[in-house]
Amino acid sequence: MLYLSPNLFLVNNKYRTVRPVESGDLPQLYMETYGCQMNVNDSEVVVSVMQDAGFRLCREIDGADVIFVNTCSIRDNAEQRIWGRLDLFRQLKKKRPALKVGVLGCMAERLKEEILSHPAVDMVVGPDAYRQLPKLLEAVTNGGKQMEVRFNPEETYADISPVRTDPNGISTFVAIARGCNNLCAYCVVPFVRGRERSRDPKSIKREVEELIANGYKEVTLIGQNVDSYFWTDPEHPTEDVNFARLLEIVALIDPKLRVRFATSHPKDMGNGVLYTMAMYPNICNHIHLPVQSGSNAMLSKMNRKYTREKYLERIDMIRKILPDCSISSDFIAGFCDETPQDHADTLFIMQLVKFDQAFMFQYSERPNTKAAEAYSDNVPEEVKTQRLNEIIALQNRLSLESNQRDVGKTFEVLVEGPSKRSDLDYFGRTSQNKVCVFPRGEAQIGDYVMVTVHSCSSATLMGTLAEKRSPRK
Ligand code: 5AD
Ligand code: SF4
């Protein structure tokens, strides 16, 4: 995901040394973000820190004094893309020797000196060190490469209001926890983002209230595993906050605010969350519950800590408590020792659950993980690709069937912006997280409207505005 941010305003001129600042000539930061929503959110924290230090964000790389690239390590191809970008930045630096380049995020944390030694790179900064960016940049400017990749198990950036850069200003992400303790065998996240730490619910509430005051209508609470969110205050031991309680706190802020969350973990998602969802109509009816594989042998090897039977029990409970809830998943094709039968088990669980949406990946071995250390990456690439293609083909059919079941029904949609295909249409999402496109009529961006679905593809619902008003209007 390439992500470009809009302009910000200079707060002070502290960084004159980066480029001579004449009147109206401000130090400019260009940011690129790769990877997940947590990275997008982190980049917004970085922008906030840099804005306070006197930087202005620019849209064009050509005008930049400083380039920050916030990186992802989840799969090898994500890292290969970044190396390609660094080679391009090296060419830019030949033409503009004063240009500074910082590598931030997961890849910075994972590769440390290896990234720092790239000729384009001036600084390498891990995900827990963003408060130090201005200081590090100053040190770079005064001579010499800089690196700060230490973990800080206390850091949640709770007091920093991320500078929102979403183009629509309607829906955004709020981080509720950082890091992960789960150690899934294939996953690099615990190594690059450190131990899990939950954020103070008071600061989460304050951030959501600020977003509402700024016109936002929807927040997605994000964490690697939202179900292990836990906050305890030694002074108020009876007021512990688990994820179900946090959801309730956020839902109660304003019934007009829609609340989403991701990612849920099948081993931890309890019924409390489901009952909270059922109780508050402004909590969206969608759960992202990655199963990864349908084979118990693979799940055990992946260290997911549930069996497919347990997973299916969770699904049954969701369907019982929340009959209108959509369910999405992640899948990994071709994990270590995966047999044709293991793969068939994945296709089978997909058909059983009938996932509404999914993100599907080919297994990519990541250094230092349990899988890299203890197992052999022994499924040939072409077999991984073949299995992934089968998973994708099946999911496309399931997504289409899921959307076809919605034809003729009317949904509340939060209008997010013009549709990609036609300026005459808007797009928004249903509570179930399905993209819905419809002719604009009298609707405005940020409105809740009711849309009756008349047709669909596997990715989109198409509809028209219904007479009925949304109860949230
Ligand atoms: N290879 C392939 N996919 C991976 N994921 C995480 N690590 C890997 C890996 N090494 C996928 C999982 C996870 C999603 C965010 O990325 O499906 O849920
Ligand atoms: Fe990675 Fe597993 Fe943590 Fe998700 S829960 S970030 S897959 S270790």
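# Briefing on a predicted model

N433 is placed in the loop between β18 and β19. The model is predicted. In it, five strands close into a barrel, in the order β17-β18-β19-β21-β20 and with mixed pairing.

**The surroundings of N433**

- N433 has a relative accessible area of 17% and is therefore buried, the cut-off being under 20%.
- Leaving aside residues up to four places away in sequence, N433 touches R260, H286 and Q357.
- From C-alpha to C-alpha, N433 and C325 are 9.7 Å apart in space, while 108 residues separate N433 from C325 in sequence.

- Strand β17 spans residues 410-418, and seven of its nine residues are buried, so β17 is largely enclosed by the rest of the structure.
- β17 pairs with strand β18 (residues 425-430) in the antiparallel sense, over five bridges. In that pairing, P418 has Y426 of β18 as its bridge partner.
- Strand β19 (residues 435-439) pairs with strand β21 (residues 460-465) in the parallel sense, over three bridges. The bridge partner of V435 in β21 is T460.

**Packing of α12 and α14**

- Two packed helices are described by the angle between their axes and the distance between the axes.
- For helix α12 (residues 340-353) and helix α14 (residues 381-404), the angle is about 10 degrees and the axes are 10 Å apart.
- α12 is therefore roughly parallel to α14, since angles under 35 degrees fall in that class.
- On the α12 side, the contact is made by P340, H343, T346, L347, M350 and Q351.
- On the α14 side, the contributing residues are R387, E390, I391, L394, Q395, R397 and L398.
- By class, the residues of this contact comprise six nonpolar, four polar and three charged.

**The shell around ligand 2**

- The residues around ligand 2 are C180, N182, L183, C184, Y186, C187, V189, P190, Q224, H265 and R304.
- This shell consists of seven nonpolar residues, three polar residues and one charged residue.
- L183, one of the residues around ligand 2, lies in the loop between β8 (177-178) and α6 (189-193).
- The phi of L183 is near 55 degrees, a positive value in a residue other than glycine.
- L183 is partly exposed, with a relative accessible area of 43%.

**Other backbone features**

- The peptide bond from A262 to T263 is cis, and its omega is near 5 degrees. T263 belongs to the loop between β13 (258-262) and α9 (271-279).
- N368, although not a glycine, has a positive phi of about 75 degrees. The loop that holds N368 runs between β16 (357-362) and α13 (370-374).
- N368 counts as partly exposed, at 47% relative accessibility.

Notes. Residues numbered from 1 in each chain as written. Chains lettered and ligands numbered in written order. Predicted model: local features only at pLDDT ≥ 70, side-chain atom pairs only at ≥ 80, totals over all residues. Heavy atoms only, no water. Axes fitted to C-alpha atoms, helices over the stretch in contact; angles between N-to-C directions. Helix = DSSP H or I, 4+ residues; strand = E, 2+ residues; numbered from the N terminus. Parallel < 35°, antiparallel > 145°, perpendicular 65-115°, else oblique. Contact = heavy atoms within 4.5 Å. Nonpolar A, V, L, I, M, F, W, Y, C, P; charged D, E, K, R; others polar. Near = heavy atom within 4 Å. Pairing = 2+ DSSP bridges. Buried < 20%, exposed > 50% of the residue type's maximum accessible area, 1.4 Å probe, protein only.
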